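My entries follow in the order I made them.

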Amino acid sequence: MDFNIIRIARTVLNVTDLERSREFYIDALGFIETESSDTRIYLRGLEEIHHHSLVLQKADTPSVEVISYKVSSDEDLDELENLCSSNGIKMKRMEKGSQHAIGRALRIQDISGLPVEFFHEMPQVERLLQRYDLYRGSRVQRIDHVNCAVPDVQAAHDFYCHELGFSCSEDTLDEDGKLWASWLHRKHSVHDQAFMNGVGPRLHHIGFWLPDPLALIHTCDVLASLGHADSIERGPGRHGLSNAFFLYLRDPDGHRIELYNGDYLTCDPDVGPLHWNLDDPRRQTFWGAKAPDCWFDEASNVLDIHTGEVYKSREPLLKKKKPEFII
C-alpha cells in the first residue's frame, strides 16, 4: 500500500464540565496541560513530544468527536482518500487551520461507523520524560491504544488489516469459532486499535501507558486521597490478553480510561495472532477475576463526522456480549 499509518495519536472527547475534567486528568492523573482555552484543554503524557494526545472539549453532552492516527507524510492523506473513496467510505477533509495545533487531516466514518482521522503535522513541544519533578498522579507517559465496541468485529478486522495495513497480535473466538474481538497494531506493541463485539460503534476506552506497574497502585492511592475512589471501575490486575497490567477508570462524564503497562514486542511479521477462547477465565484477567457487567455494557457514543450528531448504534451480529464462566 502507498501510505504509512504510524500509530494511534490522539482522541477528542466532549465533556460537560472542563474544571471537573481538569481536576481528574491533571490534578489526579498527572497529565501535562500543553495549552487551554475557555472551551478546550490540550493534554499530553510526560514522554510525548507532540502538542497533545488528548483533547477535552466543552459540550452539552459527553461524546467522542474523533479518534486520530498519525501518518508519515501529507501525501499519505491523499492515498488514504483514494482508498476510502474506492471503498465508498464517507469522508471529510479538514484543511490546515481548521483545528488548533494540527495540520491538514482526513476524517472518515470507518467501516463500523467510527469517526477516525488521519493527520501528519502536529507542533512539537518539550519532552518531559526526565523532568521527574513534574511526575504526579499516574505519571502518564503516552497514549497507547483505543478499544471500540462494534457490531461486526470481522468486518472491522478485515478492513483495518487488508486495507489499512494493520497486523493482528491477539484475538478472541466464540464457541462457534467466530471472531469476537481483535487486537490490531501499527506500532510494534500489542495494539493501537482493538475491536470487541458489542452495541456500536462506540468508544470503549482509551489506553495510556504508565512507567511501571507500581504507578497503577499509586494512582489508586491518589484517587482515594482526593475523594475519587468511585472512579475506579476495574483493577488493578493483569490481563491474559496482552499480558499487561491494567486499571480502568471512569472520568467525570463516564468516559473510560485504561492505565496500562507491560505488554510485549510485536515486530516479527512471521508471528501470527495468539487465539483466546471467549470463556477462558484467564483471558480478560489472568488472575481470574471477572470484569463487572458495566465494563461490557457501557461505552461512549461517537459522532457523525458531517452532522456532529450521535452516530446511531446497532446491535452486534454475535449475540453473546460477554463471557460466561464461574470462578
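**Entry: asparagine 243**

I looked up asparagine 243 and found it partly exposed, because its relative accessibility is 35%. For these notes, buried means under 20% relative accessible area, exposed means over 50%, and partly exposed is in between, with a 1.4 Å probe and protein chains only. Asparagine 243 sits in the loop between S14 and strand S15 (245–250). Its phi is positive, about 65°, although asparagine 243 is not a glycine. Helices here are DSSP runs of H or I with at least four residues, strands are runs of E with at least two, and both are numbered from the N terminus.

I noted the ground rules next. The model is predicted, so I kept to its limits: local features need pLDDT of at least 70, side-chain atom pairs count only at pLDDT 80 or more, and totals for chains, interfaces and linings use all residues. Residues are numbered from 1 along each chain as its sequence is written, and side-chain values use heavy atoms, with hydrogens and water left out.

**Entry: arginine 139**

I checked arginine 139 for its backbone. Its phi is positive, about 60°, and arginine 139 is not a glycine. I placed it in the loop between S8 and strand S9 (142–150). Arginine 139 counts as partly exposed because its relative accessible area is 22%.

**Entry: cis peptide bonds**

Which residues does a cis peptide bond with omega of about 20° join? I found glycine 200 and proline 201. Proline 201 is in the loop between strand S12 (193–197) and strand S13 (202–209). I also logged a cis peptide bond between glycine 235 and proline 236, with omega about 5°. Proline 236 lies within strand S14, residues 232–238.

**Entry: helix H3**

I went through helix H3, residues 153–163. Val153, Ala156, His157, Phe159, Tyr160 and Cys161 are its buried residues. Their cover includes S8, S9, strand S10 (167–173), strand S11 (179–185) and S12. Contact means heavy atoms within 4.5 Å.

Which residue caps the N-terminal end of H3? I found aspartate 152, with a side-chain oxygen 3.3 Å from the backbone nitrogen of glutamine 154. After H3 comes glycine 165, with a positive phi near 85°.

**Entry: glutamine 193**

I looked up glutamine 193 in strand S12. Is glutamine 193 buried or exposed? It is buried, because its relative accessible area is 1%. Its side chain makes a polar contact of 3.0 Å with the side chain of tyrosine 69. A polar contact is a pair of N or O atoms within 3.5 Å; within protein, one must be able to donate a hydrogen and the other to accept it, and residues adjacent in sequence count only if both atoms are side-chain atoms. Leaving aside neighbours within four places in sequence, glutamine 193 is in contact with Tyr69, Val146, Cys148, Tyr160, Phe166, Ser182, Trp183 and Leu184.

**Entry: phenylalanine 31**

I found phenylalanine 31 in the loop between helix H1 (18–28) and strand S2 (32–36). It counts as buried because its relative accessibility is 2%. Not counting residues up to four places away in sequence, phenylalanine 31 touches Tyr25, Ile26, Leu43, Arg44, Leu54, Val140 and Phe208.

The contact takes 42 residues from domain 1 and 43 residues from domain 2.

The area buried between domain 1 and domain 2 is about 3500 Å², and carbon and sulfur atoms give 68% of it. Buried area is the accessible area (1.4 Å probe) that two parts lose on being put together, summed over both.

How many salt bridges does the rule find across the interface of domain 1 and domain 2? I got 1. A salt bridge is a side-chain nitrogen of Lys or Arg within 4 Å of a carboxyl oxygen of Asp or Glu. I also logged that glutamate 47 forms a salt bridge with arginine 142, the closest N and O atoms being 2.8 Å apart.
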